[in-house]
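Please open the structure in a viewer and keep the sequence at hand. The stops below say what to select next and what is to be found there.

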Amino acid sequence: MDSIQYVRYCLKESHLIQNYVTFHIYFPNGHMPDNLPKTEDEINNWPYDCQSLVKPYEKSTRADMYKTKNNLMYPINVGRNIAREAANTHFIFVCDIELFPSKNLAKQFFEMLLHNEALIPFNDKGEEERR
């Protein structure tokens with residue numbers, strides 16, 4: 001929650017995150033926290049510190065994580081499905097850590113398409129149509 005609050009309220013891009021990003025937190029049945037915010041107001045009122053020199057998500061290591069300490073598997077497909085079902089839009093960009101695109105992927109993808117002769121459309125006379 002500290003990391004979520006930090007990105008929602010402390011970054012120059014926070015207004016974009018507040019307006020366009022949703023966070024979906026889920027737990028294995030046997031590992032539910034004792035205290036969970038139950039309303040949106042409780043979540044929004046979760047304390048955060050924008051003055052900290054170290055961002056909350058930079059403070060912990062993999063070894064510090066609850067899932068690592070308890071040898072829990074991270075069911076990425078479950079998280080993806082929860083997020084898809086809870087999304088308030090028809091347009092969804094799936095971007096979990098295994099699917100995170102490399103820098104310039106879109107540009108490189110379109111360049112690849114432009115250089116693939118098999119994808120160049122033909123007109124009704126069988127001639128290539130160049131755009």
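Is Glu111 buried, partly exposed or exposed? Select Glu111: with a relative accessible area of 35%, Glu111 is partly exposed, where buried means under 20% relative accessible area, exposed over 50%, and partly exposed in between (1.4 Å probe, protein chains only). The model is a predicted one, in which local features need pLDDT of at least 70 and side-chain atom pairs count only at pLDDT 80 or more, while totals for chains, interfaces and linings use all residues. Residues are numbered from 1 along each chain as its sequence is written, and side-chain values use heavy atoms, with hydrogens and water left out.

**Stop 1: the salt bridge**

Glu111 and Lys107 form a salt bridge, and their closest N and O atoms are 3.9 Å apart; the term stands for a side-chain nitrogen of Lys or Arg within 4 Å of a carboxyl oxygen of Asp or Glu. One salt bridge is found in a search of the whole structure. Both residues belong to helix α7 (residues 105-114), and because they are four residues apart there, about one helical turn separates them. Lys107 is exposed, at a relative accessible area of 54%.

**Stop 2: the whole chain**

Now display the chain as a cartoon. Seven helices and zero strands make up its pattern, which reads α-α-α-α-α-α-α along the sequence. Helices (H or I, at least four residues) and strands (E, at least two) are DSSP runs, numbered from the N terminus. Of the 131 residues in the chain, 11% count as buried. The accessible surface comes to about 11,500 Å², and 55% of this belongs to carbon and sulfur atoms; such areas come from the Shrake-Rupley method with a 1.4 Å probe, and for residues only the protein chains shown count as cover. Among contacts (heavy atoms within 4.5 Å) between residues at least 6 apart in sequence, 47% join residues at least 24 apart.

**Stop 3: helix α1 and Gln5**

Select Ile4, Gln5, Tyr6, Val7 and Arg8, which are buried in α1. The buried residues of this helix pack against α2, α3 and α4.

Gln5 counts as buried, at 0% relative accessibility. A polar atom of the Gln5 side chain lies 3.0 Å from the backbone oxygen of Ile43. Apart from neighbours within four places in sequence, Gln5 is in contact with Cys10, Ile43, Asn44, Trp46, Pro47 and Tyr48.

**Stop 4: two aromatic pairs**

How many aromatic pairs are there? Rings of Phe, Tyr and Trp (its six-membered ring) pair if their centres lie within 6.5 Å; planes under 30 degrees apart count as stacked, over 60 as edge-to-face and the rest as tilted. By this rule the count is two aromatic pairs.

Select Tyr6 and Tyr57. Their ring centres are 6.1 Å apart and the planes stand at 75°, so the pair is edge-to-face. Because Tyr6 lies in helix α1 (residues 2-9) and Tyr57 in helix α4 (residues 56-59), the pair ties together parts that are 51 residues apart in sequence. Tyr6 is buried, at a relative accessible area of 7%, whereas Tyr57 counts as partly exposed at 37% relative accessibility.

Then select Tyr9 and Tyr48. These rings have their centres 4.6 Å apart and their planes at 10°, so the pair is stacked. Tyr9 is in helix α1 and Tyr48 in the loop between α3 (40-44) and α4, so that distant parts of the chain, 39 residues apart, are linked. Tyr9 counts as partly exposed at 26% relative accessibility, and Tyr48 is partly exposed with a relative accessible area of 40%.

**Stop 5: Ser14**

Move to Ser14 in helix α2. With a relative accessible area of 4%, Ser14 is buried.

**Stop 6: a nonpolar patch**

Finally, select Leu16, Tyr20, Val21 and Phe23, which make a nonpolar surface patch of about 410 Å². Patches are made of residues with over 30% relative accessible area and no salt bridge: like charges are joined within 9 Å, nonpolar side chains (Val, Leu, Ile, Met, Phe, Trp, Tyr) within 5 Å. Val21 sits in the loop between α2 (14-20) and α3, and is partly exposed at a relative accessible area of 37%.

Note on methods
A polar contact is a pair of N or O atoms within 3.5 Å; within protein, one must be able to donate a hydrogen and the other to accept it, and residues adjacent in sequence count only if both atoms are side-chain atoms.
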